[in-house]
Each structure stands twice: as C-alpha cells, then as structure tokens.
Amino acid sequence: MSGNRYPLIAKEGWLSVALAALVAMLVFHFVGALWSIPLWIFAGVVLLLFRDPDREVPSTPLGVVSPCDGEVGSVETLHDPYLDREAIRVSVTMNPYGVFSTRSPVEGRIIEVVQAKVDAASLPQGVWIKTDEDDDLVVAMYRGPLHNSPRCYVRYGDRVGQGQRCGFIHLGSVVETYLPPNCRVMVKAGDHVRGGTDLMAMLVHK
C-alpha cells in the first residue's frame, strides 16, 4: 500500500492510456477524423477504467473506511484465519467498471504481510495493520477476474494513513477486512461503499 496520489489516472494505467491516445491521434492525423472516432472512444474507456479520483477521508479517528469501491457481499463473525482469533469479516466485491485502487481502512502501522494459517492455498495474503490504539485489522485482496495478482504497495514497518491509497486490482475483485470482534459495524450486505470515504465500522474503546 502506498501513499502516492495520482492526478485522475492510476499509475498502473498511464502506459495504456498514453498508447490508446497516441494511436487515436496518429489515425486522426494520417487517416482522418472519422476513422479515429472508434479509437478515441476506446481511449476514453481505458481512461475510465484507470480513473483514480481523490477521496475526502472522513475525520473519524476510530472509524474504519471501506478499502475499495464496491458492494458489501457479506458481514459475518467467524474465525480469523490470519491472526487466529475471532473477528468480524466484511467482504466487498469491487465493481468491474469501477475504481480499482485499494485504500487503507485505518491509520496505523504495517505489522506484517501474513499468510492464512488454514486453507493457505485458497486464501490470499493479508496485510496486518495495527492502529495507534492497538487494534488489529487484516485486509486481504483476492486475484482479479483474469487471475491477475493484486498489487500491494506496503511493506513491514510502513505507516499508512486512513484512506491512503495502498494497492490496485485490475478489473476489480473481492477485498476482505477482518475487524476486532467488539467493533460496531455500520454496513450490511447489499450496501454500496466507496473506498477511503464511506465508514464500514467504528472501533470501540471503553
């Protein structure tokens, strides 16, 4: 996960957008405007797929924001396969035509990139984040529809901010967040959320 911001277009799409626009311009110049129209449309679609808008992160210190854009698939209490504890898992399915950037749900420090202790072959690696209040969260990103691996830009010891851009999954996938069992969940299955902006839960401290 990385804190870099990109103007409108995710860095993963810079080359694709540039090539699509260049081909459209060359056809426009050497062949004609009419022939270039489909290529300009294609360039617009590529630009849309790689858009990376800035987000207004809510000023909620104990809030947990969605790590991505998409629809909440499930909210359930279960055994956390990464930290070997009880946890609340919020699963978000990304829109295949949406924004593909992923973001840190909380402010904190990366403790470890962890592998599931059970069913390791079927579960992706997770990123273990510890907040300043000692809450432990794990964010796990699944492979995309083309079996492409998610890009994760954080490493052990990195400090991340709430809503900070942290990775990318081309064409989207499923992102799971494992929360402390005593947190107050604010979403339900079927809700649509925006990464870095919409609150999924509140961490509880007495």
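What is shown is a predicted model, in which local features need pLDDT of at least 70 and side-chain atom pairs count only at pLDDT 80 or more, while totals for chains, interfaces and linings use all residues. Residues are numbered from 1 along each chain as its sequence is written, and side-chain values use heavy atoms, with hydrogens and water left out.

The protein contains 2 helices and 14 strands, where helices (H or I, at least four residues) and strands (E, at least two) are DSSP runs numbered from the N terminus. Taken along the principal axes, the C-alpha atoms fill a box of roughly 70 × 40 × 35 Å. Of the 206 residues, 48% are buried; buried means under 20% relative accessible area, exposed means over 50%, and partly exposed is in between, with a 1.4 Å probe and protein chains only. The protein exposes about 10500 Å², and carbon and sulfur atoms supply 60% of this area, which is computed by the Shrake-Rupley method with a 1.4 Å probe, only the protein chains shown counting as cover for residues.

As for charge, the mean positions of the 19 positive and 22 negative charges are 4 Å apart. In this count Lys and Arg are positive and Asp and Glu negative, with His and the chain ends not counted, and the place of a charge is taken as NZ of Lys, CZ of Arg, CG of Asp or CD of Glu.

The aromatic rings come next. Rings of Phe, Tyr and Trp (its six-membered ring) pair if their centres lie within 6.5 Å, and planes under 30 degrees apart count as stacked, over 60 as edge-to-face and the rest as tilted. By this rule there are 3 aromatic pairs. One of them joins Tyr 82 and Tyr 178, an edge-to-face pair with 5.4 Å from centre to centre and 70° between the planes. Because Tyr 82 lies in the loop between strand 2 (70-80) and strand 3 (85-93) while Tyr 178 lies in strand 11 (residues 174-179), this pair ties together parts that are 96 residues apart in sequence. Tyr 82 and Tyr 178 are both buried.

Phe 100 and Phe 168 have ring centres 6.1 Å apart and planes at 80°, so this pair is edge-to-face as well. The pair links distant parts of the chain, with Phe 100 in the loop between strand 3 and strand 4 (101-103) and Phe 168 in strand 10 (residues 165-168), 68 residues apart. Phe 100 is buried at 0% relative accessibility, and Phe 168 is buried with a relative accessible area of 3%. Together with Phe 50, Phe 100 and Phe 168 form one aromatic cluster.

Thr 102 lies in strand 4 and is buried at 1% relative accessibility; leaving aside neighbours within four places in sequence, its contacts include Phe 168, Cys 68, Met 141 and Val 175. Ser 91, in strand 3, is buried at 9% relative accessibility, and beyond residues up to four places away in sequence it touches, among others, Glu 71, Gly 73, Val 174 and Glu 176.

Which residues are exposed in loops? Tyr 156, in the loop between strand 8 and strand 9 (159-160), is exposed at 69% relative accessibility. Leaving aside neighbours within four places in sequence, Tyr 156 is in contact with Ile 110 and Ile 111. Asp 134 has a positive phi of about 70° although it is not a glycine; its place is in the loop between strand 6 (126-130) and strand 7 (136-141), and it is exposed at 55% relative accessibility. His 147, in the loop between strand 7 and strand 8 (151-152), also has a positive phi, near 60°, in a residue other than glycine, and His 147 is exposed with a relative accessible area of 63%.

Definitions and conventions: Contact means heavy atoms within 4.5 Å.
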